[in-house]
Amino acid sequence: MLDTNQFIDKLIKNEYTHLCVVPCSFAKNLINGAINHNHIEYLPSASEAVACSIAAGLKVAGAKPIVIMQSSGLTNAGSNITSLLNPYGITLPIITSWRTYKEGDSEIQHKHLATKLPKLIEAYGYNHVVLDQESIDKAITQINLCDNSKTITILKKDTFSKVELHDNYKLDLSNYPKRSEYLRYLNETYKNSDKIFIGTTGNTAREMYSFMSDTKNFYMVGNMGGALSLGLGMAKAGKNIYVLGGDAEFVMHMGGLTTAGRYKDINLTYILFDNEQNKSTGGQNSYQYHVDYKNIAKASGFSIKKKSITSLDEFREFINTKKEGLNFAHVKCDIDEVTPRPPVDVVAINKI
Ligand SMILES: Cc1ncc(C[n+]2csc(CCOP(=O)(O)OP(=O)(O)O)c2C)c(N)n1
């Protein structure tokens with residue numbers, strides 16, 4: 001195992017300047033260590049495609065960026081790698097975690113790339129190295145190789161020693177109800193109804209499994225950023241849909257909002273539960289204070305609850321007064337304890 005803080009010190013000595021990141025729990029110690037350290041600028045990115053393009057801009061302008069992403073995110077970055085980095089000859093370190101999969105695991109989103117990740121990298125026209133887990137010097141040499149050649153670094157689980165985010169990065173959300181309280185209310189209100197609840201990857205889907213046992217649920221365990229569009233498809237096919245999402249998920253493929261906003265004659269309600277962080281990948285702040293979720297939804301064509309919801313009473317009022325059609329609400333919430341992942345037999349539903 002590598003000492004995370006020593007590794008970051010060496011990155012700084014090697015003059016790396018920025019970390020462009022979509023978090024992955026396999027890389028959380030490295031990410032959280034860099035956030036604590038503050039010497040390499042942390043650039044939380046809406047998607048892996050965004051992270052790669054920012055890094056390319058930094059590199060051509062003389063900075064020394066590193067990109068960190070999850071293996072599933074390497075597919076999002078495919079267009080950037082093959083149509084920006086490669087043809088323009090821009091080289092920079094991309095560290096991708098290598099998510100594993102065992103038969104019977106409910107993380108079905110990782111099953112394919114658990115064996116095919118090196119082949120995907122090869123198909124992009126790149127070599128790969130697996131980050132050394134024993135020697136910081138060897139690992140830094142590998143990062144430097146990626147900085148100067150078409151090579152992608154693969155990060156295995158448990159490569160970096162444990163680092164907790166410093167207390168000043170921990171958020172106090174105690175003025176808001178926990179997400180579980182809102183979910184329990186939805187469960188009570190809609191138990192045994194024909195409404196379908198889609199939970200986004202991250203903790204929303206997991207918490208739905210724990211707190212909404214009596215509603216019809218679709219747990220989206222991967223396909224980050226795609227829950228709203230899945231919901232649009234189901235709503236266009238005549239179903240009454242609720243998408244329950246996280247704030248980091250909201251921005252990943254935000255074009256889904258502009259597409260959905262065209263259709264007013266469907267029943268689709270998007271409830272964004274904003275805990276200001278990536279809870280499921282180590283609690284990194286999402287730093288989206290500048291984003292006006294409600295007005296983005298409104299400008300995209302949704303009917304919105306004008307004020308952000310900060311209490312259960314306001315939530316009840318929204319649920320009981322909203323009209324049919326395309327609705328959006330921004331709900332502030334506190335974080336719950338970690339809840340179990342839904343098991344594979346309930347995740348792998350393919351018909352509703
Ligand atoms: C393409 C892709 N990139 C990264 C991830 C890793 N990932 C899973 S959940 C998550 C963050 C989710 O945060 P948010 O939507 O705010 O929900 P929360 O976990 O806080 O409830 C990330 C980055 C992923 N699943 N897919």
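I began with the second largest pocket: 25 residues line it, and Gln277, Lys279, Gly282, Gly283 and Ile335 lie nearest its centre. A pocket here is an open set of points on a 1 Å grid over the protein atoms alone, where a 1.4 Å probe fits, with protein on both sides within 12 Å along at least five of seven lines; lining residues have an atom within 4 Å of a point.

I noted that this is a predicted model, in which local features need pLDDT of at least 70 and side-chain atom pairs count only at pLDDT 80 or more, while totals for chains, interfaces and linings use all residues. Residues are numbered from 1 along each chain as its sequence is written, and side-chain values use heavy atoms, with hydrogens and water left out.

**Second largest pocket**

I looked up which elements give two or more residues to this lining, and found helix H2 (28-37) and H9. H2 gives the most, with three residues. Helices are DSSP runs of H or I with at least four residues, strands are runs of E with at least two, and both are numbered from the N terminus. The volume is about 580 Å³, taken as the space filled by probe spheres set on the points, which are joined across faces, edges and corners. I sorted the lining into seven nonpolar, nine polar and nine charged residues. Asp, Glu, Lys and Arg count as charged; Ala, Val, Leu, Ile, Met, Phe, Trp, Tyr, Cys and Pro as nonpolar; the others, Gly among them, as polar.

Why does the second largest pocket lie between domain 1 (4-155) and domain 2 (179-347)? Because both domains give residues to its lining. The bounds come from an automatic or database domain assignment.

**Largest pocket**

I then read off the largest pocket, at about 860 Å³. It has 46 lining residues, and Thr201, Gly202, Val221, Gly222 and Met224 lie nearest its centre. Elements giving two or more residues to this lining include H4 (71-76), H9 (203-211) and strand E8 (216-219).

**Ligand**

I found 24 residues around the ligand (a heavy atom within 4 Å); Glu48, Arg179, Gln277, Lys279 and Ser280 are the closest. I checked polar contacts, pairs of N or O atoms within 3.5 Å. A polar side-chain atom of Glu48 sits 2.6 Å from a ligand nitrogen. An N or O atom in the Gln70 side chain is 3.3 Å from a ligand nitrogen. At Glu249, a polar backbone atom is 2.9 Å from a ligand oxygen. The protein covers 96% of the 590 Å² of accessible area (Shrake-Rupley, 1.4 Å probe) that the ligand has on its own.

Methods
A polar contact is a pair of N or O atoms within 3.5 Å; within protein, one must be able to donate a hydrogen and the other to accept it, and residues adjacent in sequence count only if both atoms are side-chain atoms.
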